[in-house]
Every structure is written in structure tokens, then in C-alpha cells.
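Hi everyone, and thanks for making time today. Let me put the structure up on the screen, and then I'll walk you through it.

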Amino acid sequence: MSSGGRRDDWLSERQTEGVELSFRVRRWLVRKTTAYQRLELAETHDLGRVMALDGRVMLSERDEAFYHEMLVHPALLAHPSPRRILIVGGGDGGTMREVLRHPTVREVWLVEIDGEVIAAAKEHLPSVHRGSFFDPRARVEIAPGEEFIATHGGEFDVVIVDSTDPVGPGEALFTEEFLRGARDALAEGGVFAMQAGTPFYWSEELAQILRTLGKLFFNVRLYLGYVPVYPSGMWAYVLASERDLLAEEENFARRYAERGLETVYFTPALGRAAFVLPRFVEEIVERALKAQPA
Ligand code: AG3
């Protein structure tokens, strides 16, 4: 049986109790249960290869760059000189690929709980990792993120959480305890970034993330991007820092040019515009961050 699916030639994600998105499968590449989750990888009819974990679509080859660029570049461009980077999750290597585009980066740690995700990505998703696992700056550790951060205080210029959803099995990476640890893993002036689900279906989970980050960081900034294969297509990300992030956004264009970045979705102008929110999302943010220090 495919995830939530009725027919064997479709990979389906049940996004809500009443909404499913299905991808017609040409060929199944992986269908297994690892120690942590159900792992599915298929060659699809329209979107290239698609990977799902526990029936939740993690990426398609066709639009993964939309997501990975938006998760990585605002955070790295908000830092004047990001050298040491930590990625929690992100076993497919797409986030690491985008991090490694920044020539300032000396070392990037990828801490992924499920080694089988990395193995499957290495074998079946070369277009996503594009060799980033083999970059001399890459360090890969198979471990739960919360364990790793507990022993790496104050070390990273940027910490990026590339997790599954705030609902379900990824929940550990959304708790106050974990997020405090992620904050404490930052060096002076460090920048934290995470994916935060969709404001369209999961406004309460998003508000919860913002409330938690609001307690931990001086500056919390929500932004949006478009990811066609994710629930609702409207995806939220959060930057948090002791740095003045609003001021740092003015440096996006210069740093993008200086670092010679090449992207298919992100541009410096889009990166700044992404913080301009639809009214209903502004309301979620205002309510969640109200009564917090500005
Ligand atoms: N990380 C975010 C996946 C969330 C998608 N949720 C869903 N389909 N329900 C993806 C990992 C890519 N590196």
C-alpha cells in the first residue's frame, strides 16, 4: 500500500483529514520501514523523484530548490561571515548543498537521526545533494539533533533546522527544550533558521513556534515561500537571532553578489519581499509575539 493511497501507482499524502495530494508513480525506488519511519522514494510522472517520510512529502526534484534556497539563503545572508554551520535533519543533502554555495563556509555539520534517509538520498537523489556529502567541508553525524546540540554550545554561526512537520514524529524538534539548545549552539551573533509548516492549515502550530522563539530570541522574523508539493503550497520559515535581522536584510544583495551565489528561486529582492506577509499571517505573528520584547 502506498502512503494513504488507494492504488499502487500513486504516492499520496493526506495533508489534512479532508485533503490529499497524489503523485502518479512511474517506478518505486525505495519502500521500506527504517528504525524511525516509513521511507518512500518514487520516480513520478510529473515531478521527478519524490521522497516521503511517514507519508509526508519531503521533496520533489522539480521544486526542492524553492524550499532549500529559501531555508538557507536568508539565514546565511543575514550573517556577515558564516563559517561554521549546523543543519539538523536534512538527510537528503539539499540544504547542505545550498549552504556550501557560500564561500565563507569552512565547515558544515549535518546531524540526521535516520542514516537510511542519507543512504537512500546518496543512491537515488544525486540531483538533490549534488555531491555535497563528499565536500571536504561536510561533516555528517547520524544522531538525534537534541543530543548533538547538548554537547556543542556556542559553536555555530548559523543553525538550520530542516525537519519534518511540527505535527507528528518531527515534534521533538519543535519543543522549547530543543529550540533553547539550538539557540545555545549558536556563537555570538549567530542566526537560527527553521522551516515552520504552513500558516494555511497549521496556524496554531505556527503560533506555538513563534511564541517559543519569542521567549528565546530578541529578534524573530517570519517569512514565506512557495513550495508546490507541500500542503497548501504556502510555506513558512522563521529566522531568529540577537542580531538586528531587519537591518541585515539590507545586506542581502551585496552579500549575494560578493559570494557569487546562483539560485533558481531566491533573489535578494525576493528574500526581502518574503518578509512582507498576507494579513492573515501578520495576525498570527502579531498575536503570537504580542507581549514579548520587540
Ligand atoms: N523538510 C520539510 C518538509 C515538510 C513537508 N511537510 C509535508 N509534506 N507534510 C523537508 C526536507 C527537505 N530537505
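I'll talk about the domains, then the salt bridges, and then one glutamate.

Before that, some ground rules. This is a predicted model, so to speak about local features I need a pLDDT of at least 70, and side-chain atom pairs count only at pLDDT 80 or more, while totals for chains, interfaces and linings use all residues. Residues are numbered from 1 along each chain as its sequence is written, and side-chain values use heavy atoms, with hydrogens and water left out.

Domain 1 puts 25 residues into the contact and domain 2 puts in 23, where contact means heavy atoms within 4.5 Å.

How much area do domain 1 and domain 2 bury between them? About 2000 Å², with 63% of it on carbon and sulfur atoms. Buried area here is the accessible area, with a 1.4 Å probe, that two parts lose on being put together, summed over both.

Across that interface there are 7 residue pairs in polar contact, both residues at pLDDT 80 or more. A polar contact is a pair of N or O atoms within 3.5 Å; within protein, one must be able to donate a hydrogen and the other to accept it, and residues adjacent in sequence count only if both atoms are side-chain atoms. On the side of domain 1 that touches domain 2, β2 gives the largest share, with 6 residues. Strands are DSSP runs of E, at least two residues, and helices are runs of H or I, at least four, numbered from the N terminus.

Now the salt bridges. In general, side chains of opposite charge can pair when their charged atoms come close. The rule asks for a side-chain nitrogen of Lys or Arg within 4 Å of a carboxyl oxygen of Asp or Glu, and by this rule the count comes to 24. Between domain 1 and domain 2 there are 2.

Is Asp 165 buried or exposed? It is buried, at 6% relative accessibility; buried means under 20% relative accessible area, exposed over 50%, and partly exposed in between, with a 1.4 Å probe and protein chains only.

Another pair is Asp 8 with Arg 31, at 3.0 Å. Asp 8 sits in the segment before β1 and Arg 31 in strand β2, 23 residues apart. Asp 8 is partly exposed at 46%, and Arg 31 is partly exposed at 36%.

There is also a network of salt bridges linking Glu 64, Arg 97, Glu 98, Arg 101 and Arg 130.

Last, please find Glu 107 in strand β7. Glu 107 is buried, at 17% relative accessibility. Leaving out residues up to four places away in sequence, Glu 107 touches Arg 83, Arg 84, Ile 85, Arg 137 and Arg 139. Its side chain also makes a polar contact with the side chain of Trp 109, at 2.7 Å.
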